[in-house]
Amino acid sequence: MPAKNDLVSLGDIEFALPDALKAGSPDPVVARLLAAVDDPALRGDDFEPAFAMVAVSGVQEDFGLLEEALATLRRADAEDIRDDETEPKVWIAALLVTMGRIDEAAEVFREVRQAGRDDWSAYEIYGESLEETDDLAGALKIFASGEARARDAGDDFGVEQLGTAVNRVRRAMGFPDEAPPSGQSAQRRLLAEDYDLAAGDYDLGADGRDRTATDVEPFWPRADFERLVGRWPALAESEGADWDAHRAEVETGALEAGELGIRVSLLRCSFEDFASFAEKAGGRPGEDTVLAYAESRGPAGALVPWPPERNAPCWCGSGRKYKQCCRPRGFASPS
């Protein structure tokens, strides 16, 4: 059995692309992830085989190995390497669009729908692949179809997300936005539930916060986070049990602040700076120490605007597109 530090983790999957770029070749990273897919003894507790297959295909695609990427996804489909969050056929359809095989892509997505695996995210992934090839009419049709599907299923959150995509494409085509639905957004209703408020009673000014100010959410880059909890394990309670949990908490916090109309920036924290700050503060560092450290950084700190553009690199530094990385974690966590 490999040592625990040698097991392939969710973080390894997330950082597959930057690791491959650093190595100058996809081969070592691809081989390591596929070995863990094949052998459970090589996996960490948080390893997700279906997600790993999508990550492998993404690395191959970024290195221009489109046929290899397609073969990886087809293998996942053939061997039923899928879960509730990841349907390989959706990614096959999206990749086929990138490869210019539009009719084949449409047939694969039809299979997704027939199998009942077409949740709102499936329409988003497939529709965005069409949008990125400038097939705006095709993208609009998919987004609108998914929006109707989500509405029929009573999935308010899916309706909201796909409605945003519909309006984005409509604007690109020179059309006005669709009229927004009446009542609270799905996200705002979730926040109301968090604060034990009745539907419709969510008051944006109730907490007295300055809506013109910028809310600063501290976050730890991966290497700094691992050094932080390695030296002070108790901080995992406030900062996140692991790197993935930390990113989800940061993204969720930023999403909630943004939903309240507050401008958000993320503060990139440094282990070295924090260690020096904690030593001067004395005692065992805790959550209050982290908050005090973040406050001490002030406007001069390494602020990262949030949210990034959907296709921009994610704020966490994984190298993946924001829409494929931390964005879904923030949306998924509160719901």
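Valine 54 is buried, at a relative accessible area of 7%; buried means under 20% relative accessible area, exposed over 50%, and partly exposed in between, with a 1.4 Å probe and protein chains only. This is a predicted model, in which local features need pLDDT of at least 70, side-chain atom pairs count only at pLDDT 80 or more, and totals for chains, interfaces and linings use all residues. Residues are numbered from 1 along each chain as its sequence is written, and side-chain values use heavy atoms, with hydrogens and water left out.

Back to valine 54. Its place is in helix α4, residues 49–62. Helices here are DSSP runs of H or I of at least four residues, strands are runs of E of at least two, and both are numbered from the N terminus. Beyond the neighbours within four places in sequence, valine 54 is in contact with Leu73, Thr86 and Trp91, contact being heavy atoms within 4.5 Å.

Next, the cores. A nonpolar core is a set of buried Ala, Val, Leu, Ile, Met, Phe, Trp, Tyr and Cys residues joined through side-chain atoms within 4.5 Å. The largest one has 31 residues, and Trp220, Leu266, Phe274, Trp306 and Trp315 touch the most other members. Elements giving two or more residues to this core are α12 (222–231), α14 (243–259), β2 (263–268), α15 (271–281) and α16 (287–297). The largest share, five residues, comes from α14. Apart from this core lies another, of 30 residues, and Val54, Phe109, Ala122 and Phe143 are among them.

Now the aromatic rings. Rings of Phe, Tyr and Trp (its six-membered ring) pair if their centres lie within 6.5 Å; planes under 30 degrees apart count as stacked, over 60 as edge-to-face, and the rest as tilted. The count is twelve aromatic pairs. One of them is tilted, phenylalanine 15 with tryptophan 243, at 6.1 Å centre to centre and 55° between the planes. Phenylalanine 15 is in the loop between α1 (10–14) and α2 (16–23) and tryptophan 243 is in helix α14, so the pair ties together parts 228 residues apart in sequence. Phenylalanine 15 is buried at 9% relative accessibility, and tryptophan 243 is buried at 5%. Elsewhere, Trp220, Trp232, Phe271, Phe274, Phe277 and Tyr293 form one aromatic cluster.
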